[in-house]
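Subject: Structure handover

Hello,

Here is the structure I said I would pass on. My notes on it follow below.

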Amino acid sequence: MVVLALGGITAALGVLYALMQHDLKRLLAYHTVENIGIILLGIGIGMIGVRSGHPVVAMLGFAGALLHMLNHALFKALLFLGAGSVVHATGTGEMDALGGLARRMPWTAIAFLVGCVSICALPPGNGFVSEWSVYRAAFAEATGGSGTDRVACLLAVLALALIGGLAAACFAKAFATVFLGEPRSARSAGGHDAPPAQRIAMAVLASACIAIGVFPHLAARAVWPAVRQVGGPLASATDAPEVTPDWWRGIATAAAILLALGIAVWLLRRAMRPGTAVGAAPAQPVATWGCGYAAVSPRMQYTSSSFATPLLGVFRLLLLPRVRRERPATAFPASPTLHTSTPDMAETVLYRPAFRGLVRGAEALRVVQRIPVQAQAALVMATLAALLLWKVAP
Amino acid sequence: VSIGTTILHVAILLTAPPLVGGIIARTKAAFAGRRGPPLLQPYFDLVKLARKGSVYSRTTTWVFRAGPVIALAATVTAGLLVPMTGAPAPLAFEGDVILFAYLLGLARFATILAAADTGSSFEGMGASREATFGALAEPALFAGILVLALGSKSLCLSTILGPSLHALWGAIGPALVLVAVSFAILLLVENCRIPVDDPNTHLELTMIHEVMVLPLCRDPRAARAPDGLRRRGRRRGRPRGRSRRGRGRRRDRRVGDGAPQDEPRARTDRRRSRALDGCDRGAVHRRGGAMTFLTNSILIASVLLSVFALGTSRVGMTIRIFAVQSFVLAALPLVLRGGPLGFHEILLAAGTVAIKVVLIPRLLFRAIRDVSIRRDVSPLIGYGSSLFAGALLVVLAFAVSASLPLPSGVASPLLVPASLSTLLLGLLLLISRTKAVTQVVGYLVVENGIFLFGTSLVVEMPTLVEMGILLDVFVGVFVMGIVIFRINREFDHMDTHNLTALRD
């Protein structure tokens with residue numbers, strides 16, 4: 001259950017910090033934190049299942065964790081490759097300086113989108129498969145279990161739901177600011193697509209993501225032996241016929257239907273488009289309707305920070321963002337600035353004080369360095385004696 | 001699942017949804033005193049739109065065009081999971097609830113990206129909002145699903161919503177009422193309906209709906225014509241002033257439930273939704289029939305009303321909520337009694353109603369009229385945060401009372417947690433508000449909690465003691481009223497915050 005709590009907190013904070021990042025790679029890195037949290041949730045639920053002797057819970061939990069590890073490896077690699085191509089092409093990972101790259105880097109954009117869908121656990125990506133297992137394990141424990149385990153699993157479900165929603169918001173933000181709209185800077189305008197070798201790498205990973213999403217039962221069958229080993233104490237129970245990798249078959253059907261429907265609607269749409277009532281070819285492409293405002297510039301687009309602001313407001317108490325700004329004072333303000341950053345609580349509250357304490361202790365110990373060798377030897381001897389007295393003597 | 005039902009299912013799925021839009025438009029019109037468009041108007045619109053060409057902004061890419069396609073495909077797939085024909089859904093398996101939620105998530109994701117693809121800050125704003133609401137709605141949705149899953153011991157929509165649902169109402173009726181209410185709120189949130197958002201009145205939100213429709217229409221000017229598309233109630237030609245006001249209210253709207261709004265329209269809507277809640281409860285009662293159901297409903301209502309009081313900024317509203325809560329609670333001893341009513345019980349109930357429902361609210365209303373305050377504008381803890389804290393307190397109350405040594409013969413297992421929650425929520429109200437009147441209401445809510453606690457020991461508690469407490473409260477409020485009045489006369493305001501600045 002400790003693992004469960006740790007997983008929940010890690011995942012929730014990871015995704016919240018990710019949401020606040022301005023840099024593409026940092027954002028992805030924080031999502032790694034989130035996904036490790038989800039894996040921990042799966043393991044925690046699996047452990048609860050083993051302890052309480054529920055084979056279904058245990059197998060689903062561990063299978064979810066293992067599948068998520070695999071899936072995370074796939075889509076995170078894909079996303080980092082995509083981010084790498086972006087940084088390579090534009091020279092910056094600052095999201096608010098990018099934009100409109102879907103036009104200039106179509107291949108990277110598609111691959112990155114597949115990665116986004118997968119990491120947000122949206123069907124038909126592979127992330128959904130593993131999160132679904134963790135969900136189901138938590139639900140199974142919540143309906144069948146008792147006591148604190150049950151409450152913990154209820155909370156795990158809620159945590160997963162919150163994480164899912166926030167992750168979707170975060171990747172919508174990332175993809176939208178980097179690839180959609182108009183370029184926000186010259187560097188972004190001059191981007192070019194990744195070379196073929198990189199494209200192939202991304203294509204392979206992207207198709208692996210979709211493949212697992214559409215054939216989850218095959219993936220489950222692949223990890224099954226390992227999962228059964230982890231669920232060792234329940235070995236006899238896991239051989240029962242109701243514990244099978246066929247649990248995932250339903251998702252397979254649904255994902256296939258989803259893809260088929262998507263393609264069908266797309267084709268239908270394409271078939272309908274030329275036959276317009278007016279009969280003329282579509283007019284010149286026009287600018288986005290700006291509600292009558294004529295002097296629209298790309299700098300007026302919604303930025304990634306603005307996108308995340310409402311959620312930042314909701315979780316203000318948790319994140320403690322730092323906002324530094326100069327409000328425009330006069331009618332013609334010279335340079336109003338706005339700067340926001342969200343310091344990582346793990347860093348400011350946990351690591352920094354700990355390391356500061358370490359350094360201070362080390363400083364104090366410096367005194368020892370300056371005393372003569374004999375005294376140092378005496379210290380060693382005294383320590384040894386003290387340890388012996390403490391451990392051995394009584 | 002037979003082929004016949006599958007075909008029927010798909011047919012319903014593909015043809016029925018626009019009808020809902022037509023019904024909504026008619027209902028809305030009826031409430032506004034108009035006749036409204038024909039019921040089948042959305043179908044006409046769709047046919048008309050299908051014949052039109054398209055205009056795409058030069059900013060947009062294939063993502064924009066894929067948005068509606070993905071959203072449609074995802075929604076239809078999700079529709080295949082919901083039982084509609086009485087038989088199980090065509091696609092039913094254990095765990096499909098989760099898939100259902102995430103398919104809708106996919107549709108939302110596609111919409112957000114399509115909106116952002118236009119590169120306009122308006123659409124960006126709408127997209128950001130959609131993402132925010134979505135992220136917050138997800139846990140609420142899953143909390144409801146959890147209740148359903150716990151009740152029906154299943155994770156399959158066809159089982160949850162299947163024939164066993166009927167039995168479930170009898171077993172965990174009050175919980176289902178809560179789920180129904182929260183789903184109704186979610187429905188309003190996700191469909192941008194009035195207490196949360198009103199697509200008719202403010203611009204930025206309209207824009208995202210425009211994104212939903214734009215790929216289908218050819219001429220941007222045609223889109224603006226009011227008779228063109230009534231789908232999703234979009235109409236852009238509204239003056240901008242309203243949109244600004246809408247933005248000013250955004251902080252309130254984030255709260256979702258019980259968000260204070262000053263528009264009369266919003267008020268009627270909320271009233272309507274409450275009426276809906278009421279008739280739901282009536283229906284449930286007829287089905288459940290048991291007395292415990294009534295008791296539980298009263299207890300839940302008491303807690304919910306306290307939460308509601310936490311979420312509103314209008315002082316008059318909090319007073320009214322307190323009155324309703326007291327009224328509901330006054331009925332509790334009568335319900336708990338079960339058998340023939342004695343003179344004492346009726347006297348007690350009548351006394352409670354007279355003092356707490358009539359006298360005290362009247363006193364308080366006079367007080368706020370005299371000092372002419374209507375809103376508690378600067379609470380120490382914001383409305384959103386205090387709602388969240390309130391939820392935590394309710395959880396705490398339920399967790400604690402599980403291990404509390406309960407007196408024997410407590411009428412309902414909900415009684416003690418409900419009373420503790422009411423008490424804690426009242427205290428929170430007392431802590432977080434600055435206006436003296438709201439604090440008085442907080443104090444009164446605390447008293448209601450104590451009253452509730454007392455009812456759990458109603459057998460041991462002599463009527464005289466109860467009367468004494470009632471009198472105590474009355475005197476207390478009376479004194480407070482006088483003090484408020486005095487403070488106001490001396491200092492021209494009644495913000496207790498400023499009392500700390502006093503020095504002797």
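The lining of the largest cavity draws at least two residues from each of α7 and α13 of chain A and α5 and α6 (121-152) of chain B. Helices here are DSSP runs (H or I, at least four residues), numbered from the N terminus. α7(A) provides the largest share of this lining, 3 residues. The cavity has a volume of about 140 Å³, and of its 17 lining residues A:A176, A:R184, A:Y302, B:A116 and B:G124 are the closest to its centre. By class, the lining holds 7 nonpolar, 8 polar and 2 charged residues. (Nonpolar covers Ala, Val, Leu, Ile, Met, Phe, Trp, Tyr, Cys and Pro; charged covers Asp, Glu, Lys and Arg; the others, Gly among them, are polar.)

This is a predicted model, in which local features need pLDDT of at least 70 and side-chain atom pairs count only at pLDDT 80 or more, while totals for chains, interfaces and linings use all residues. Residues are numbered from 1 along each chain as its sequence is written, chains are lettered from A and ligands numbered from 1 in the order in which they are written, and side-chain values use heavy atoms, with hydrogens and water left out.

In total there are 9 cavities of 30 Å³ or more. On a 1 Å grid over the protein atoms alone, a cavity is a set of points where a 1.4 Å probe fits but cannot get out, a pocket is an open set with protein on both sides within 12 Å along at least five of seven lines, and lining residues have an atom within 4 Å of a point. Points are joined across faces, edges and corners, and a volume is the space filled by probe spheres set on them.

The second largest pocket has a volume of about 730 Å³. It is lined by 23 residues, with A:L113, A:L259, B:W62, B:A66 and B:I70 the closest to its centre. α4(B) gives the most to this lining, 7 residues. The lining has 21 nonpolar, 2 polar and no charged residues.

As for the interface, 75 residues of chain A and 71 residues of chain B are in contact (heavy atoms within 4.5 Å). The two chains bury about 6,300 Å² between them, 74% of it on carbon and sulfur atoms; buried area is the accessible area (1.4 Å probe) lost on being put together, summed over both. Across the interface of chain A and chain B there are 0 salt bridges (a side-chain nitrogen of Lys or Arg within 4 Å of a carboxyl oxygen of Asp or Glu).

Regards
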